[in-house]
Amino acid sequence: NGTAFIDPDILTLQDSTALDSIFALGADSRDMYDGRVGDVGTYDVWLFQTDFDDGLSVAIQVNAEFDSTTAADFATLYSRRLGVLPNVLREDLQTVSIHDGLEPFLAIGSGLIVHTDQAEDYRGQGFLEEVLAHEAVHVSLDADHANSPGWIAAQESDPTFISGIAQQFPRDEDLAETFGVWLASRWAGDGITYFLRSLIDSAVPARLKYLDDQNFVMYPMGQ
């Protein structure tokens with residue numbers, strides 16, 4: 001169904017991290033999308049700034065439906081997960097908005113929308129980092145690559161799509177779906193089986209080569 005769920009060991013908290021520091025900035029209000037109402041609204045929030053040691057940073061805004069202590073815990077949890085993502089997936093990410101509820105994660109513009117009940121389900125299965133990486137592809141890579149001539153040519157030359165979602169939405173989801181298995185094939189090392197790597201490499205070889213050829217900044221992966 002989705003490549004974020006093929007293996008929980010593609011990205012883990014045991015991997016190298018770019019996380020440097022987290023600062024609490026107090027309370028304010030922000031316009032945020034909320035999946036529970038399907039619209040943007042103005043919310044009271046707790047604000048945090050997360051800085052990474054490669055010069056990038058992200059604002060974390062936690063709905064004030066949570067108390068300040070819980071909000072700080074969420075800021076720490078997501079900062080730690082974002083820290084293991086490669087630079088290329090964090091470079092255009094500006095905000096992470098956190099709400100209660102059981103709603104899908106979303107990438108909207110330069111931000112991620114997270115609902116904590118859904119996140120706990122992902123975390124319990126070990127896939128929270130992989131789901132964040134998938135959504136971050138939409139933020140940082142879609143605009144330049146998802147409909148580029150090189151990507152479309154690679155897509156057309158490959159024997160298949162890597163997942164049902166990629167096949168159903170080739171212009172919107174194929175890049176994010178394929179990037180997930182590119183991470184698995186090229187960067188997960190012994191975190192995945194030889195059989196899974198062989199399956200990936202035979203399914204989308206041209207798209208994997210396209211991603212290889214971009215020379216993305218992958219820090220802190222491989223450190």
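**View 1. What lines the largest cavity.** Sorted by residue type, the lining of the largest cavity comes out as 8 nonpolar, 3 polar and 1 charged. Here nonpolar means Ala, Val, Leu, Ile, Met, Phe, Trp, Tyr, Cys or Pro, charged means Asp, Glu, Lys or Arg, and the others, Gly among them, are polar. Among the lining residues are Thr3, Ile10, Glu130, His134, Phe179 and Leu183. Helix 4 (128-140) and helix 8 (174-187) are the elements that give two or more residues to this lining. Helices (H or I, at least four residues) and strands (E, at least two) are DSSP runs, numbered from the N terminus.

This is a predicted model: local features need pLDDT of at least 70, side-chain atom pairs count only at pLDDT 80 or more, and totals for chains, interfaces and linings use all residues. Residues are numbered from 1 along each chain as its sequence is written, and side-chain values use heavy atoms, with hydrogens and water left out.

**View 2. The cavity itself.** A search of the whole structure turns up 1 cavity of 30 Å³ or more. A cavity is a set of points on a 1 Å grid over the protein atoms alone where a 1.4 Å probe fits but cannot get out; lining residues have an atom within 4 Å of a point. The largest cavity has a volume of about 90 Å³, counted as the space filled by probe spheres set on the points, which are joined across faces, edges and corners.

**View 3. Strand 1 meets strand 2.** Strand 1 (residues 19-34) and strand 2 (residues 39-52) run antiparallel, paired over 14 bridges; pairing takes at least two DSSP bridges. Tyr33 has Val40 in strand 2 as its bridge partner. The hairpin has 4 residues between the strands, and Gly38 takes a positive phi near 70°.

Conventions:
1 Å grid on protein atoms, 1.4 Å probe; cavity = no way out; pocket = protein on both sides within 12 Å on 5 of 7 lines; lining within 4 Å.
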